[in-house]
Amino acid sequence: KTQGQRRETKKPRKASMSLRGLIWVRRYQRRLKDTITTQEKMMLSTNVIGKATNNLRADKKRHAVVIPATYDPPNDRLAKMANWLVKETALYPERSELNHWIPLSREYGRVLFGGRWHQVIKAAEQTGLLERHHSYWDGSQGGESFPKAVRLAAQYRTGQVGIYDLARKPQQSAKLKAYRMSNLGEVGQWLSSRLTMFALPSNIQPRNYWDAYVLAQIRSDNHYAKRCDYGRYHTLYTVLGNQHREKLTSEAPLSAIDVRQMQPTLLDALIHSTKNDSTVWLCGTTSNIYENLLPIARQCQPYIEYRNSRHRTVRTVRHRTVRTVKYRTQCEHHDPSTWMRDDVKKNLLKALFAPNNIMVRQPAYQALMQLYPEHAKFIYDYKRSDHKRLACTLQKMESSLIIDGVCGWLMTHYPDIPLLTIHDELIVPTSLVDVVTARLTIEFSRHQITPDFNIVPLVA
């Protein structure tokens, strides 16, 4: 055997007592699954994973990663692949709840898993760890390019995780470090250094197993930050619900500054920068676009919305790999006559980011056509060539204002403060609320718009 083959067939060293204890806890959980509630299971999972992570950090000789609880990787490479999939899935609610795909380009795959990364992907697919989406677009004939994608298999996309001992110490390549530095940028690296300044109380109840995993990673200071292609800054805190973020604590009292009607406000800025003769504004300091659309949206007829989902399964029959694809159709009934303000807000955001044939059927867009026909026509024409164009433009505008603008200024003038960004929301010390709101107003004034803020003190 060659040296590479001996390395792959090398058995992982014997697990220590802490890992054996974790295995017994998992067996104990399966035994008591009929006698304890799901909430108790998630709390137990959070405590066990958190303690095991702390033990791994204390034991310098142990090298382990977090993988799906029911997955048994045959080697370290697939264990690292499983760990990366868990991190990426937990970082976006769309991936853990709506089964969205994870883009994986050729360049990023080589950075993560080396030159033979395609062999790792193929082995992970054969063992049933992930599903692959082979569609891609290079952008040579118009439109935005996108790579092939992967995602955790449905059986492992539950949020239940365990600890796996690596046979060798993982080595972080210089390419991966350079990629993360270029991805986050100077402001993103400074924001990632602020993540450890916040804490959560121990009595928080997780909503699901993914929430339990995120809480365990935050309490163990295993933070994971990334900026998407549109500049938005994603951390483990952005996945948490508002009921959890309201309990954040730091050395100084905290307050949350939220920009009201962020997407319609950015839409105003985009329209007025494109069409200088427009005099109608969706948002203002005294108007609320969602409350204006609500009476007209309630008059729309009830409708049924259909959603198709594709599930791939991989199984072995007589030493052959058999792949099957199943299509499931789900229908949702909507009655706009019972809607409230938040329902109109969700429906309007869905209309802004959906294809035109779906957008025109949304009650919020039909109300927008009656009250603001100029804005409705601009949205339809702007998304005619590509329905993702409007969403990408608004997200880039948001990240340039919040991350590069406000946070970049705070990094220069207040480099030691605790600061946390949740897309269009900033969590800052209460003593700096006036400074931050003033800077936000200056950044928005460059687009000829005046923002409105909702300031909420955080009480642990």
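Trainee: Which residues are linked into a cluster by ring pairs?

Mentor: Ring pairs join W84, Y108 and F113 into a cluster. Before we go on, this is a predicted model, in which local features need pLDDT of at least 70 and side-chain atom pairs count only at pLDDT 80 or more, while totals for chains, interfaces and linings use all residues. Residues are numbered from 1 along each chain as its sequence is written, and side-chain values use heavy atoms, leaving out hydrogens and water.

Trainee: How many aromatic pairs are found in the whole structure, and what geometry do W84 and F113 show?

Mentor: An aromatic ring pair is described by the distance of the centres and the angle of the planes. Rings of Phe, Tyr and Trp (its six-membered ring) pair if their centres lie within 6.5 Å; planes under 30 degrees apart are stacked, over 60 edge-to-face, the rest tilted. The whole structure holds 7 aromatic pairs. W84 and F113 form an edge-to-face pair, 6.0 Å centre to centre with 90 degrees between the planes. Because W84 lies in helix α4 (residues 76–91) and F113 in helix α6 (residues 106–113), the pair ties together parts 29 residues apart in sequence. Helices (H or I, at least four residues) and strands (E, at least two) are DSSP runs numbered from the N terminus.

Trainee: Is W84 buried or exposed, and what about F113?

Mentor: W84 is buried at 6% relative accessible area, and F113 also counts as buried at 16%. Buried is under 20%, exposed over 50%, partly exposed in between (1.4 Å probe, protein chains only). Y136, at 53%, is exposed; Y136 sits in the loop between β3 (130–133) and β4 (149–152).

Trainee: What is the strand order in the open sheet of 3 strands?

Mentor: Strands of a sheet pair through backbone hydrogen bonds, either parallel or antiparallel. Here the order is β2-β4-β3, with antiparallel pairing; two strands pair if DSSP finds at least two bridges between them. β2 (102–103) and β3 stand at the edges with a single partner strand each, so one side of each has no neighbour in the sheet. β2 and β4 are joined by 2 bridges, and I102 has V150 of β4 as its bridge partner.

Trainee: How many residues of strand β12 are buried?

Mentor: In β12 (residues 425–429), 5 of the 5 residues are buried, so the strand is largely enclosed by the rest of the structure. Strand β8 (residues 254–259) pairs with β12 in the antiparallel sense over 5 bridges, with L254 opposite P429. Strand β11 (residues 420–422) also pairs antiparallel with β12, over 3 bridges, and I422 stands opposite E425. In the hairpin of β11 and β12, with 2 residues between the strands, H423 takes a positive phi near 60 degrees.
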